[in-house]
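Hi,

Here is the model I said I would pass on. Have a look at it first, and then read my notes below.

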Amino acid sequence: MTALLLASVLALTNRFGSVSVDTYGARVLSYVPSGGSEVFAMLPSGYGGVPLCWPWFQYNGPQGKDSPKHGLARYREFTVVGRENGTEAGRIVLRLESDDETRRLWPHDFSLTMAVELDGRGLSLCLTGENTGTEPFSVTEAFHPYLLRSVVRNLTDVGSGEYRTWDPDATSHLKTQGLAPADWKKFVCVENGVFAQDHASVLKPGERHALTRTLTLAGSDPH
């Protein structure tokens, strides 16, 4: 398949709403269902949307606390390998391949594909990691969405893996560098994935593993 690098921020718009996706880190920045309101918080600090955690969560990388927090995927430019935008469904597919820089941080060969779809189900995300090397490796991973507090109770949210919630308060959220004093009032993070190293997914050469998430805002109007 020929790679298509079109822009740094891509958009899907159809009768079910609109979505924007950044090719840097394959991060969903915005989701507005038709007839509804914005689902994700975007903060002045740059936090927000749906950052990826892959191939490790927190500091579970080879260098421990010296590993980039939440993996390497969110700090890399993805290539656009597919884009469709019809009235009934839209899809963006982004891909990251291992290279000398990723192997310096994590000594494995991989292909990581992020598919973002907007259709009658709502917003669907699928993150698929494939072992393209000759040795097995283990992965912890997560979708880390910053959901606006105003919409959380109206969301239908289904995903694979375990779920956990970061619901900060006026004190605890300031442990995260860059957040402003009032930011905790705007968002709550509801993550799904594989978080603990002892529950990591082990991929043998040629094997794949997918993490999924579908979000639908109740009361949105697809017409």
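What share of the 223 residues in the chain is buried? The answer is 48%. Bear in mind as you read on that this is a predicted model.

**The chain as a whole**

The chain has one helix and 16 strands. Its radius of gyration is 17 Å, which agrees with the value near 17 Å that a compact globule of 223 residues would have. Along the principal axes, the C-alpha atoms fill a box of roughly 50 × 45 × 30 Å. Of the contacts with a separation of 6 or more, 62% are between residues 24 or more positions apart. As for the surface, the chain exposes about 10500 Å², and 51% of that comes from carbon and sulfur atoms.

I'd start with the open sheet of six strands, which has the order 5-6-7-8-16-12 and antiparallel pairing. On average, neighbouring strands here are turned by 10° against each other, direction ignored.

Going through the pairs:

- Strand 5 and strand 6 (residues 90-97) run antiparallel and are joined by six bridges. A hairpin of four residues leads from strand 5 to strand 6, and Val80 has Leu94 in strand 6 as its bridge partner.
- Strand 6 pairs with strand 7 over eight bridges, again in the antiparallel sense. Here Ile92 has Val116 in strand 7 as its bridge partner.
- Strand 8 (residues 122-131) pairs with strand 16 (residues 208-217), antiparallel and over eight bridges. If you want a pair to click on, Thr128 is bridged to Ala210 in strand 16.

**Ser111**

While you have this sheet on screen, go to Ser111, which is in strand 7 (residues 110-119). Is it buried or exposed? Ser111 has a relative accessible area of 8%, and the cut-off for buried is under 20%, so it counts as buried. Its side chain makes a polar contact with the side chain of Glu97, at 3.4 Å. Beyond residues up to four places away in sequence, Ser111 touches Arg95, Leu96, Glu97, Thr128, Gly129, Glu130 and Thr132.

Strand 1 pairs with strand 2 (residues 17-22) over six bridges in the antiparallel sense, and Leu12 has Val19 in strand 2 as its bridge partner.

**Two loop residues**

Two residues in loops are also on my list. The first topic is Val50, which sits in the loop between strand 3 and strand 4 (52-53). How much relative accessible area does Val50 have? The value is 1%, so Val50 is buried. Leaving out neighbours within four places in sequence, Val50 is in contact with Arg27, Val28, Phe40, Leu125, Phe143, His144 and Pro145. Take Phe143 from that list: it is 93 residues from Val50 in sequence, yet the two C-alpha atoms are 6.4 Å apart.

The other is Asp169, in the loop between strand 13 (162-166) and strand 14 (187-194). With 38% relative accessibility, Asp169 counts as partly exposed, because that class covers values between 20% and 50%. Which backbone nitrogens does the side chain of Asp169 reach? One belongs to Thr171, at 3.0 Å from a polar atom of that side chain. Another is the backbone nitrogen of Ser172, at 2.7 Å. For a sense of placement, Asp169 and Tyr59 are 110 residues apart in sequence and 23 Å apart in space, C-alpha to C-alpha.

That's what I have so far.

Cheers

Technical notes
Residues are numbered from 1 along each chain as its sequence is written. This is a predicted model: local features need pLDDT of at least 70, side-chain atom pairs count only at pLDDT 80 or more; totals for chains, interfaces and linings use all residues. Side-chain values use heavy atoms; hydrogens and water are left out. Two strands pair if DSSP finds at least two bridges between them. Axes are lines fitted to C-alpha atoms, for helices over the stretch in contact, and angles run from 0 to 180 degrees between N-to-C directions. Buried means under 20% relative accessible area, exposed over 50%, partly exposed in between (1.4 Å probe, protein chains only). A polar contact is a pair of N or O atoms within 3.5 Å; within protein, one must be able to donate a hydrogen and the other to accept it, and residues adjacent in sequence count only if both atoms are side-chain atoms. Contact means heavy atoms within 4.5 Å. The radius of gyration is taken over C-alpha atoms; the globule rule is 2.2 Å times the number of residues to the power 0.38. Accessible areas come from the Shrake-Rupley method with a 1.4 Å probe; for residues, only the protein chains shown count as cover.
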